[in-house]
Amino acid sequence: MVLNFAHRGSLTEAPENTLSSIKKAVAHKAKGIELDVQLTKDNHLVVIHDHRFKRFNKNYGLVQAYTLAEIKQIDVGSSFSKEFAGEPLATLAEILEIVPRNTILNIEIKNIPVIYPGIEETLIHCLAEHDRMDHILISSFDHVALKKVQELDPDIPIGMLFYYRLLEPWKYAKNSGLRVASIHPNVVYTDKAFIAACHRYGYKVFPFTVNRMSQYRKLVEWGVDGVFSNNPEIFTQS
Ligand code: G3P
Ligand code: MG
């Protein structure tokens, strides 16, 4: 059994990380959905990958410079296609309302390159308020943020993201003193030996981002626990 994640929702079919994108992933019955969170100027969790709007709307700057009310006026849909014109960013709260409770929601704290003080508390508070502490996996490239999450809620599963090729990240995870559920490596260096070493240390392995079926099949042959994918053909495989 593998657990695959629709990466930023279904980003080939709708603007990434928006309600439309998440709805597409839900319609595909994805068992897992991944999204990225950041904070607005007035401390609301919004779902966006980049720390600035540039890629979606050239008229606006840093996400952290705007209040939620201002952000809701910013069109991030038109740059994808006319069909999504006027679509704003979603809040995490809005997304929690539409993702089925048995779907594993991987919330990535996007603390790079902007670090959002207090984002961990805001996130845990939002999940508790929506009674959504189950079927959640919190991940980040910022392992300090993961430590804070675990201090706030020792039971919430955490996934350690690694972008670069490090020496024995499974040992690093163990030495961190955190209770890590899974390692999320860049797929470019994820091979059979990497997966086996993570498994020996008790970690699941979810590489990002796997869009080719041939690459997916190889990873499954090597025993991967699941992948992050932009490709509906892959993220609907189980
Ligand atoms: O969480 C997996 C993947 O989303 C990490 O990279 O840059 O797409 O957020 P990125
Ligand atoms: Mg991400």
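In this predicted model, a polar side-chain atom of H7 sits 2.8 Å from an oxygen atom of ligand 1, a polar contact being a pair of N or O atoms within 3.5 Å. R8 also reaches ligand 1, with a side-chain N or O atom 2.8 Å from a ligand oxygen, and for K110 the corresponding distance is 2.8 Å. On its own, ligand 1 would expose 290 Å², and the protein buries 91% of that (Shrake-Rupley areas, 1.4 Å probe). The rest of the shell, counting residues with a heavy atom within 4 Å, includes E34, D36, H49, E108, F141, L161, F208 and F228. Sorted by class, that shell comes out as four nonpolar, two polar and five charged residues; here Ala, Val, Leu, Ile, Met, Phe, Trp, Tyr, Cys and Pro are nonpolar, Asp, Glu, Lys and Arg charged, and the others, Gly among them, polar.

Most residues other than glycine have a negative phi, and most peptide bonds are trans. R8, in the loop between β1 (5-7) and α1 (19-27), instead has a positive phi of about 60°. The F208 to T209 peptide bond is cis, with omega near -15°, and T209 falls in the loop between β8 (204-205) and α8 (213-221). The I112 to P113 bond is cis too, omega near -5°, with P113 in the loop between β4 and α4 (119-129).

Residues are numbered from 1 along each chain as written, chains are lettered from A and ligands numbered from 1 in written order, and side-chain values use heavy atoms, leaving out hydrogens and water. Local features need pLDDT of at least 70 and side-chain atom pairs 80 or more, while totals for chains, interfaces and linings use all residues.

Notes
Polar contact = N/O pair within 3.5 Å; in protein donor to acceptor, adjacent residues only side chain to side chain. Helix = DSSP H or I, 4+ residues; strand = E, 2+ residues; numbered from the N terminus.
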